[in-house]
Amino acid sequence: MAPLLIVTATGPTDATRATIPFHIAVNGAAASGVECAVALAGDATELLKDGVAAGVRGLGVPPLLELLQSCAKRGIPLHA
């Protein structure tokens with residue numbers, strides 16, 4: 001199967017939409033054995049600034065900080 005690139009441009013002002021791409025990467029693609037990466041564009045690049053991820057908690061998905069830690073553990077690349 002071809003690798004999956006998940007692209008997001010939603011920043012911290014919409015916590016749920018900002019968190020979903022990382023949730024899909026960690027708990028969807030990588031958990032299923034699909035090689036993936038997340039590309040951040042526009043406002044989404046703000047999510048990688050120090051201290052920002054700790055305050056991003058979407059509805060119905062794990063906190064962004066937890067998802068970023070899972071991305072690191074699984075070796076999911078993040079491109080900004």
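This is a predicted model: local features need pLDDT of at least 70, side-chain atom pairs count only at pLDDT 80 or more; totals for chains, interfaces and linings use all residues.
View 1. Two packed helices are described by the angle between their axes and the distance between the axes. The crossing of α1 past α2 is left-handed. On the α1 side, the residues in contact are T19, F22, H23, V26 and N27. They meet L64, L67, L68, S70, C71 and R74 of α2. Sorted by class, this contact has 6 nonpolar, 4 polar and 1 charged residues.

**View 2. Length and bend of helix α1.** The 15 residues of α1 should span 21 Å at 1.5 Å a residue, and this agrees with its end C-alpha atoms, which are 21 Å apart. At H23, α1 bends by about 30°. H23 is also one of the α1 residues that meet α2.

**View 3. Buried residues of helix α1.** The buried residues in α1 are A15, A18, T19, P21, F22, A25, V26 and A29. An α-helix has 3.6 residues a turn, so residues three or four places apart point the same way. Among the elements covering the buried residues of α1 are the strands β1 (4–8), β2 (36–40) and β3 (78–79). Helix α2 is also part of this cover.

**View 4. Surroundings of T19.** T19 lies in helix α1. T19 counts as buried because its relative accessible area is 0%, and buried means under 20%. Leaving aside residues up to four places away in sequence, T19 touches V56, G58, V61, P62, L64 and L67. Of these contacts, L64 and L67 belong to the α2 side of the helix contact.

View 5. With a relative accessibility of 29%, D14 is partly exposed. D14 and V61 are 47 residues apart in sequence, and their C-alpha atoms are 13 Å apart in space. V61 is also among the residues that T19 touches.

**View 6. Surroundings of C71.** C71 is placed in helix α2. Its relative accessibility is 0%, so C71 counts as buried. Not counting residues up to four places away in sequence, C71 touches F22, V26, I76 and L78. F22 and V26 are buried residues of α1. Along the chain C71 and F22 are 49 residues apart, while their C-alpha atoms are separated by 7.6 Å.

Terms used. Residues are numbered from 1 along each chain as its sequence is written. Side-chain values use heavy atoms; hydrogens and water are left out. A crossing is left-handed if the near helix is turned anticlockwise from the far one by less than a right angle, and right-handed if clockwise. Helices (H or I, at least four residues) and strands (E, at least two) are DSSP runs, numbered from the N terminus. Contact means heavy atoms within 4.5 Å. Ala, Val, Leu, Ile, Met, Phe, Trp, Tyr, Cys and Pro count as nonpolar, Asp, Glu, Lys and Arg as charged, and the others, Gly among them, as polar. The expected span of a helix is 1.5 Å times one less than its number of residues. The bend at a residue is the angle between axes fitted to the seven residues ending there and the seven starting there. Buried means under 20% relative accessible area, exposed over 50%, partly exposed in between (1.4 Å probe, protein chains only).
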